[in-house]
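Here is a short report on one protein chain.

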Amino acid sequence: MAKKKRKDIGLGPRGGATLRKRYARVMSTVRATNKCPSCASPSVKRVSVGLWNCKKCGYRFAGGAYTPSTKLGEAAQRVRTQN
Ligand SMILES: [Zn+2]
């Protein structure tokens, strides 16, 4: 059986090279295990858009759509801790 090349891209030839590269970059952060803000172990997986779950401690939190934390979220966190 022939091996499929670039199986992680997902979009096939559609969208052109720029879109495919952008899609690949986004999906790599979505599929990667991210660091948990509660127990600091790298077991955080995306459940849904903006919803992240830690496999180790069960901590579930809202974050960015494709990354567990965003620049805007960090700014909001700073405001919250000030008051
Ligand atoms: Zn955790």
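## The hairpin

Glycine 50 takes a positive phi near 80° in the hairpin of strand 1 and strand 2, which has two residues between the strands. Strands here are DSSP runs of E with at least two residues, helices are runs of H or I with at least four, and both are numbered from the N terminus. Strand 1 covers residues 44-48 and pairs with strand 2 in the antiparallel sense over four bridges. Two strands count as paired if DSSP finds at least two bridges between them.

Residues are numbered from 1 along each chain as its sequence is written.

Three strands form an open sheet in the order 1-2-3, and the pairing is antiparallel. Strand 1 and strand 3 are the edge strands, each pairing on one side only. From one strand to the next, the twist averages 35°. For that angle, axes are lines fitted to C-alpha atoms (for helices, over the stretch in contact), and angles run from 0 to 180 degrees between N-to-C directions.

Strand 2 and strand 3 pair over three bridges, in the antiparallel sense. Leucine 51 stands opposite alanine 62 in strand 3.

## Two loops

Cysteine 57 sits in the loop between strand 2 (51-54) and strand 3 (60-62). What does cysteine 57 contact, leaving aside its neighbours within four places in sequence? The partners are Cys36, Ser38 and Cys39. A contact means C-beta atoms, placed from the backbone, within 7 Å. The C-alpha atoms of cysteine 57 and cysteine 39 are separated by 6.9 Å, and the two residues are 18 apart along the chain. Cysteine 57 counts as partly exposed because it has 14 C-beta neighbours inside 10 Å. The cut-offs use other C-beta atoms within 10 Å of a residue's own, placed from the backbone: 20 or more is buried, 12 or fewer is exposed, and in between is partly exposed.

Alanine 40 lies in the loop between helix 1 and strand 1. Most residues other than glycine have a negative phi. Alanine 40 is not a glycine, yet has a positive phi of about 65°. Alanine 40 is exposed, because 11 other C-beta atoms lie within 10 Å.

## The helices

Helix 1 (residues 16-31) has 16 residues. Its first and last C-alpha atoms are 22 Å apart, close to the 22 Å expected at 1.5 Å a residue. The expected span is 1.5 Å times one less than the number of residues. Helix 1 is hardly covered: its count of buried residues is zero.

Helix 2 (residues 71-82) has 12 residues and should span 16 Å; its end C-alpha atoms are 17 Å apart, which agrees. The number buried in helix 2 is zero, so it lies largely in the open.

## Whole chain and confidence

The chain has two helices and three strands. Along the sequence, the pattern is α-β-β-β-α. Buried residues make up 7% of the 83 residues. Of the contacts with a separation of 6 or more, 11% join residues 24 or more positions apart.

The chain averages a pLDDT of 86, and 84% of the residues score at least 70. This score is the predictor's confidence in each residue, from 0 to 100. Among the elements, strand 2 has the highest mean pLDDT (95) and helix 1 the lowest (87). Where pLDDT is low, the predicted coordinates should not be read in detail.

Conventions:
Predicted model: local features only at pLDDT ≥ 70, side-chain atom pairs only at ≥ 80, totals over all residues. Contact = placed C-beta atoms within 7 Å.
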